[in-house]
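The following note sets out several points for colleagues examining this entry. Please read them alongside the sequence and coordinates.

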Amino acid sequence: MSTDNDINYGEGDARERLLALAEQFYKQFEEGDVPQLQVPTRTKSNIEYDEDSDVWVYGDRHSTRSAKTVSGAQKLLKATYTIDFLAQQLDEDRSSTLRELYYLSESWDLDEAQFNDQDESNQLVEDLEIVSGATREDFHMRPEESGAKVMGPLLLREQTNRGDREIHCQDDVGQGGYQIPNNPDTIDFLDHDAEFVLCVETGGMRDRLVENGFDEEYNTIVVHLGGQPARATRRLIKRFHDELELPVTVFTDGDPWSYRIYGSVAYGSIKSAHLSEYLATPEARFIGVQPEDIVEYDLPTDPLSDSDINALESELEDPRFQTDYWEEQIELQLDIGKKSEQQALASHGLDFVTETYLPERLEAMGIL
Amino acid sequence: MQSTLGESGIAEELAESQRQISIAEFFEKNKHMLGFDSGARALVTAVKEGVDNSLDACEEADILPDIYVEISEKRDYYKLVIEDNGPGITKEQIPKVFGKLLYGSRFHKREQNRGQQGIGISAAVLYSQLTSGKPAKITSRTKGSSEAEYFELIIDTDTNEPEIDVEETTTWERPHGTRIELEMEANMRARQSLHEYIEETAVVNPHARVEFVEPSLDAPLKFERAENAELPAETEEIRPHPHGVELGTLLKMLEATDSYSISGFLQEEFTRVGQKTADSVLDSFRDRHFGREMAWRPPQVHEEADVAAAVRAAVSNKGKEATKSFAVAVEDAIDDRDRVAHHEVRAIVDAEADTVEADFDTTFGSTVREKATEAAWDQLLGDGETDADRKESLTSDLYPLVDEATSTRKDDAVLQGLSERLAAKFVNSEDTRHRLTRDDLADYVARAADATEEYDDATFGDTARENVVETIWDVMGTVPDDPPTVSSTADDRDAASELLEAMRETDIMSPPTGCLAPITDELVLSGLQKEFDADFYAAATRDASVHGGDPFIVEAGIAYGGELEDGGTVDVMRFANRVPLVYQRGACATTDVVKSINWRNYGLDQPGGSGIPNGPAVVMVHVASTNVPFTSESKDAVANVPEIESEIELAIREAARDLKSYLNKRRSMQQRREKQNKLATILPEMAEKLASVTGNDEPEIDEAMARIMNNVLVERTVNGETATVTIENNSDRSADLEVTEIVGAEPQDVNGANVVEMDGEWFIKWSPSVSSGETAELEYRVDTTAPSDISVEGVEDEKLTVQS
């Protein structure tokens, strides 16, 4: 990372960090300088592999939000207002959602300070995270969508607003599993019998695994990703790996969009590369559905659409996918021109996935 | 049958009613031709004629014009008074100037003037007497005379002579000048046009002071003289340009001249004609009058023709040696040429004969020379006796010319056929010298080509024919014959027309422009500035150019913005020789050109991309010429002459380019202002918020603001007894400023500033130059509690931030 601030997530006073940023603008004004804010460019071409932490982080390219232009000045004005709001929120120990922030801006007296859409406010919060070196959880900002659900042999304690709760993620929960809170750092792990973590893309497959008792049979913590995993989900997965020293596997559909889901678990997303060290689990491994499996298990398929092909080709250029394994798989898929869903495994029977496919794949990966 | 009615009787009967029509009578019936077709228009025309006359008179006498125009209602009529401070008119001339149509001093001059025909003011007199029955009242006082002359007169329409009712002397407060008072049936429906005319006259004559009174005005409308405006440069009269005369004029000039030779006539009577130009015109005249002589190739080696032998045979009794030497010399001289025409052979023979006469002490008389010439010429046309032989020889001379003139796609046989037929024409021609005009040649070629098309089944188009004529005409030689004299040309319409054609065809330098008095772009600007309260003015004066022998200059001016009316088309003001053109806007070349320009390129709105553009602007165009081509006698619209149109366009475009860069700059200034306004809302709010978040005082943002806007920041700070004015140039170019600080106490140690005290305030003035990105400090000592105020010049307000 090349921002001036040292990254030290989860530590330090987020409020102080935000105020330091305000001080910085103040000083720039006082010295007759044009207030400005430098943030790393958040595009695919500006991420690079960090050897030390094994995750992908932003490169050296920066964009400058400068008061030199009207739009830049407006961004800085909004940043100032947002800092004011966040500082106050932290002061009062309250929290709000990203969407609330967007609506809240409507109440600011100055038209120029209001957000035009939620993308803008979301982006600004990301900017503040990067520059201040704190996370939005530190700012007490929550996403609208909360984390996903966990099922497995794990006992934990969660600090809630209504006191601490001890929960066993098989015994104390219903069929749906344990709901991950917005800030998983409020969880303490107490005990577990798990052998590995299995992250599943679709709800249907998660339900199949739970119904078939896969978590019990193989002592697995089954994590439902639900599409692109929320930050809380990714953070929790990382903690499973780091704190419980469990191997992490990812089980998705066999198409380019699902590989990105794996990518965000393992390497971090481009939008939050500043948090990669905090969110990414580089050791996470991909189970499938691999293009190879489509051939091997003779799965029902759909042809690749044009956008699928574009996505695959763009992945070939993505630095995060430039490994021998992925190049081989993606080229194979482009070659056969087909994709398959997780549920396609059901073409061999409802138990095929838990009795044949997963055990075979996990064994091959050396996890079982 | 009809002849029995006795035609001769009718003719006599008719003759009785046929008589001379007086010019005054003619115009009485054709008022519209002079712009007096309606009561409304008559008033405008009368004002126009009177004011034009006054301006011309003043300028001729080197007097800055001071003109008074008054229109008032008088019973059923309108009374028009026009007064000037001109030189006045002598007692003898007054009746003729005002009481006789076509009496004037300028008709025969090639010089830029407003009036030309000498019709205008007397036509106004005529109109007034016809409609009101009242005489014109004229007062005029010449410089130095103690009294003024006063006349009341009308025009006798039968004789076109003035009829004087009253003639007396009177007193007049003006030391010199002329006043005319007319009563006429009229109306003020054309008030708008009248105002336009007066206003535009003021624009285009910034050196004139004009006062205008009419019934609807509460107070006289005064157009003051522009500061520093001088009389227009004096114009010189020029002789006509050869490209600009008509046949009738040429014939008259030929009759009137004292010159004997055409060459002398050309150099004497025309501008831009010297010996060399006269010679080219004469050559061209000879070609037309006499034709050229065909030049043939000397006998080639393979041909049997023998010039020397033929010449020797033609000379007798001159001694063997002399004859031989002569014959060989003639042959050599001919062989040296590519092609020789008959008169050239004669010249060679003459030259060699003279040499031989000197060398051998013998005489070669003209008979001998003639015989030798014919003998040599005969050999040039071929060696044989028969026409067929000659034809063959000439064909071989013509073939290369025909070949050169036509495209390579033509068949050899066709070219050969055409050459043969052409050769036959020459062989059969009556003039053995093969002298023919270009028309004769074209006729030869046409007939030969027709025959070739018919017999050789080929096509020989007009272009090919023209090319052949051109190529052959080029090798033909201009004959040395003396051109007709002036007197014989004057008597011979055909010859005169040939001369005129020769004059027009010859390249001649453009006429001098001393005869023109453009307003000049500076005065166009001050004229516009004087009459229009606009934001921007531009003007352009083109170099002089020529149309039909008359030099002309086009000027254009544009005023934009300010108090000019927005929301409609721009005003187009047209002028010719400093006279506003009020009527027939749509028929004028000026209007056509304005419409044809793509004004969107110049930042004006133009619906549909053509036509008169929209916007708060005035476009003026002035055409000055010794002869402005008008579409009609009433001189309302400039005719569509391509040369003039092109100059009008260039002049307008030149001025419009300035307008464009002004509008662009204005637009960028506006964007700058908008940005500054926006930032001026955002940044203080941000500063206020920052102050509340950080718990500090509000930060100072002017400096950051100046830096953002790349402005020049001028800041005054005080420290004890010292005041410092800091100039920080954040722009990308260097700034030359005038910084003035006004303080309420006497300053000390001002570092070379200029200090002036006025009513207890001290004006401290610096002129610092600060390059881009640099900072300058101006320090002085003063009682820093005294009030102070800073003002800065030399940089646009938008690019300046002052802080004190």
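1. In this predicted model, the accessible surface of chain A amounts to about 15900 Å², and carbon and sulfur atoms account for 39% of it. Of its 368 residues, 56% count as buried.

2. Chain A contains 13 helices and 17 strands. Where contacts in chain A join residues at least 6 apart in sequence, 72% of them link residues at least 24 apart.

3. A negative surface patch on chain A includes A:E292, A:D324, A:E328 and A:E363. Helices α10 (291–296), α12 (324–336) and α13 (352–364) of chain A each contribute at least two residues to the negative patch, and α12(A) provides the largest share, with 4 residues. A:E292, located in helix α10 of chain A, counts as partly exposed because its relative accessibility is 36%.

4. Over all chains, the structure holds 60 salt bridges. One of them pairs A:E126 with A:R42 at 3.3 Å, N to O.

5. In chain B, a salt bridge joins B:R174 and B:E83, with the closest N and O atoms 2.8 Å apart. B:R174 sits in the loop between β5 and β6 of chain B and B:E83 in strand β2, 91 residues apart. Both B:R174 and B:E83 are buried.

6. B:K530 and B:E531 also form a salt bridge, at 3.0 Å, N to O. B:K530 is partly exposed at 24% relative accessibility, whereas B:E531 is buried at 18%.

Methods. Residues are numbered from 1 along each chain as its sequence is written. Chains are lettered from A and ligands numbered from 1 in the order in which they are written. This is a predicted model: local features need pLDDT of at least 70, side-chain atom pairs count only at pLDDT 80 or more; totals for chains, interfaces and linings use all residues. Side-chain values use heavy atoms; hydrogens and water are left out. Buried means under 20% relative accessible area, exposed over 50%, partly exposed in between (1.4 Å probe, protein chains only). Contact means heavy atoms within 4.5 Å. Accessible areas come from the Shrake-Rupley method with a 1.4 Å probe; for residues, only the protein chains shown count as cover. Patches are made of residues with over 30% relative accessible area and no salt bridge: like charges are joined within 9 Å, nonpolar side chains (Val, Leu, Ile, Met, Phe, Trp, Tyr) within 5 Å. A salt bridge is a side-chain nitrogen of Lys or Arg within 4 Å of a carboxyl oxygen of Asp or Glu. Lys and Arg count as positive and Asp and Glu as negative; His and the chain ends are not counted. The place of a charge is taken as NZ of Lys, CZ of Arg, CG of Asp or CD of Glu.
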